[in-house]
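Please look over the sequence and the coordinates before reading on.

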Amino acid sequence: MPQAKRLILAHLWFAFAALAAAAVLGVWQMWARSPLPAPFLTAEAYFASVTAHGTTMAYVMTTLFIMGFGYYVAETALERALPGRTWAWLGFVLGVVGALMAAATVFAGRASVLYTFYPPLIASSFYYMGVVLVVVGSWIWCGLMITAMAVWKRANPGKPVPLAMFATVANAILWLWTTVGVAAELFFQVIPAALGWNLAIDVGLSRTLFSWTLHAIVYFWLIPAYIAFYTMAPQAAGGRLYSDTMGRLAFILFLIYSLPVGIHHLLMDPEQANAFKFLQVSLTALVVVPTLLTVFTIGASMEIAGRLRGGRGLLGWIGALPWDRPMVLATGLSFLMLWFGGLGGLVNMSYGMNAMVHNTSWVTAHFHLIFGGTAVIMYFAISYAIWPVLTNRNPLSLRPQRIQLWLWFIGMMIMTLPWHYLGLLGQSRRVATFDYANPIIAAWGPWVVVSLFGGLILFASVLLFLWNLLEFHRTPAVIAEALRARYALAVHPPRRVPSTLNGFALWNVLVFIIMAAAYGYPIAQFFVIGPPQAIVHRVDGTR
Amino acid sequence: MPETEEAILHSEFRWALVAVGMVSVIMLALIYAGLVQHINPPSNIENIDPNTLHLTGEFTEANLGTSVDATGQVTSRIVATQFTFQPQCFVVPENHPVILRFASPDVVHGILITGTNVNTMVVPGYISQIHTVFTKTGDLLMPCHEYCGLGHSEMWATVRVVPKDEFKPDAAGRASCASG
Amino acid sequence: MAHTQPEALDQPWRLWASIIVLLALAFSVVFGFLVLPVVQGHSVGIDPFTAICRAIGLSPGSPAVDQPRSAAKAEPTTRVAWSTDLLRTLSRPGESSLATADVCAGCHGARGIAPTSQFPNLAGQSAIAIYKQLHDYKSGSRVNAIMTNIAQALQDEDIINLSTHFASAAERGLDQKTSEVVDEDTLRLVERGDPARGLPACNACHGFNSGGPIETPSLSRQNKEYLASQLHAFKSSDRRNDIYTRMRSIASKLSDREVETLATFYASTLAY
């Protein structure tokens, strides 16, 4: 049982409480957008809700979960106590205080700027400072992850860092690089405007800085799911990880290529030029590669498990897998959603097709599916896997866990597939009420209702998830010996790996070089050209 | 499957080549579209001061809408502002190259035109420019698709695509939904 | 021994990683910065240098299409333009002796609260809104028999002082006994707008936390007759100094009855 279990549980419970609260808002939002009359629906209420839902799901739930899971990996994979636990608690407190501060400001109607901030719309400074506190808390986590790995390496010279920890630290380093963009935007532009020090803002620069963060952050969210794919799913299936080396390589490729691609979120923007858009789209093509590698490696690992259980034939091993185990089931469902979400991503990155879907419901559907689906279903599975170790209790039954995962998958598919279709029909984003009397818009109505139904299923899944976690505390503790974390073994566990696959020095240098090429002039141009600035529009009730 | 580590890495490497091949095909398709059909994302580093947008020149209120210049080039100029487009309806000819130019005097907006691949952000400080051809006649919807404030949901315009023979600019070269 | 072996393992990784990254960058630069713009420009007669400049963003336009020529100038509907300095000036509290003199107080009241409903209250109004309207009267962008002459006699400094003076004056109080009962339809227009007519909620600009256009005036506790007359003026386009038809496009979609009920609402409702 990890020594930091209270720290870990605190993070995870806060993350999931936030998830539940944001889920309520999500259901209301879908209801508001549908032809069915919804209560409390005003423009003010809707956009405050969208801001709260987005901020919670994107910044609070994710960061707190990833921090807690990271502390868990640090203690169990490295088999040592977490260094600097007091610092970790400080990081947690900053995260909670920041989240509550931001939430309070949003619910007071003084921060309806959406989680993407949209300057020159400027909210109350308390909102931004709340977000900053969450990020600063996560930076403490990054420092502790890097420290934990460094301490372990010194105590174990020449030995390969366990893959789960290597990947976690890759994620921590990715996060440090990622947050530079949004931190620069907030510290130099948005917060000074919110405090009244600037009355105008360079919108092109802020959008570009935010784009730096906007893509890499989704990999920050996704990597814990991949950690589960590589280090937990093969073990849960009773097999072995096909290749430890390829695992390390995949995480390294994510670190390098998640960052210099943010401008693909600005493909339709006037302030960036063709050549740099092409450059970043080419690099985006490369960030597809580690996912493709993962699909192969994990597929092969599962095949090992399936054949060990007697599966025969080209695909017979699939049926032989132990689908009754939540981690295996979640991995399968996650891969299905990854297929759809990944295809959607390929559409988004090609600018001819992107022009048909940009800022339509397709985009919303895409990220709910790939993040809410592929990543978050693995967050659930990870929780089911680590709760026994954290609480030293076994679940009463695995059946409610499987039901919850199926509900999440089914709900996500029902919610997002029609939503993709609506985007192709031209339904635009962030609209509180549609004019369903218009014949073009009326055709969308039935599909919006179907999506709403999917959202309700998701909400039921969230409630069942919380119930399943609480159930753990109703079972008696395992007395005999502490339940231990078990990570997947590779087919050939490496005795030694090159230091490039055991550390990040070279990769940080390459990240710096690529970022300079991809973002150097795109950011510098704002200082060279000095475009006109837009006057600030305050949404916090002050002039 | 007692594969050796070497065999494992070999199969992974072969798959990596397939993966890189697949993404290369995507990039080649993009390059092909760029070279042959001139498909580019709408980029136009052309600055204009949002605070004086309404005062003089191209984007004064009376100058907005569709106009045809002496060489026959059709250009539509539209302003996106909180919370309306000006003009709220503009007319374009079918099957004729059209240049759309958008600007904002205040916050970020964006537009798409339903049934087409016309899509761009409208960022204060910049003129967004799209070169396109409308291939089907009728009234199309043009919503603002980027959050611009509490009135965003009601910010819609109409694009009227008319057959070429019905597209009749006046003596000054201006065409509007009422006439055209 | 443990020291040299990982280094021998490292060499190929370092080498190949750097080669691949640099190759990826080189591919992108060659195609994105050179091949695509030059080929695109060539087919429409744009020289390679211009095409590349456009592709990098050093000049406006597309590398694949000619730039449109700029169009003729036209008369603007207002001559006021905002700058950060002006906004800062207008945000400071101010005083003006003109405000209490007969020239203003005669119609707008000694404390900015008008004695009759056809003239607007100025007390507690946005300084920015007042500034714009005075300048618009002065330049002829907005026309009124009385205000045009008065405004033309004012200097810019007077206008600034008047604006800040009235902005810091106390708003008109509301008599609870005369506050009218609000009907559902009016409240819906104020809080939700009407998607069918493309009408944003009035709150979307006039609400306290809207983040709408900078010169948006506050409507609460304004006078009913004045509000109604302005909505009618926007509706008929007699008043044209709203930038880019922001109010004309809204007022033209309101029925006469809605104009009346909205004017009553803002004149008398406590909550707003």
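Q: Which cysteine holds the closest sulfur to that of C:Cys104, and how far away is it?
A: This is a predicted model, in which local features need pLDDT of at least 70, side-chain atom pairs count only at pLDDT 80 or more, and totals for chains, interfaces and linings use all residues. Residues are numbered from 1 along each chain as its sequence is written, chains are lettered from A and ligands numbered from 1 in the order written, and side-chain values use heavy atoms, without hydrogens and water. A disulfide is a pair of cysteine sulfur atoms within 2.5 Å. The sulfur closest to that of C:Cys104 is too far for a bond; it belongs to C:Cys107, at 9.1 Å.

Q: Is C:Cys104 buried or exposed?
A: Buried means under 20% relative accessible area, exposed over 50%, and partly exposed in between (1.4 Å probe, protein chains only). At 10% relative accessibility, C:Cys104 is buried.

Q: Which two residues does the disulfide join?
A: Over all chains, the structure holds 1 disulfide. Its S to S distance is 1.8 Å, and the residues joined are B:Cys89 and B:Cys177.

Q: How many residues apart in sequence are the parts that B:Cys89 and B:Cys177 tie together?
A: Strands (E, at least two residues) are DSSP runs, numbered from the N terminus. B:Cys89 lies in strand E4 (residues 89–93) of chain B and B:Cys177 in the segment after strand E11 (174–175) of chain B, so the parts tied together are apart by 88 residues.

Q: What is the handedness of the link between B:Cys89 and B:Cys177?
A: The angle about the S-S bond is -85 degrees. The link of B:Cys89 and B:Cys177 is thus left-handed.

Terms used. Helix = DSSP H or I, 4+ residues; strand = E, 2+ residues; numbered from the N terminus.
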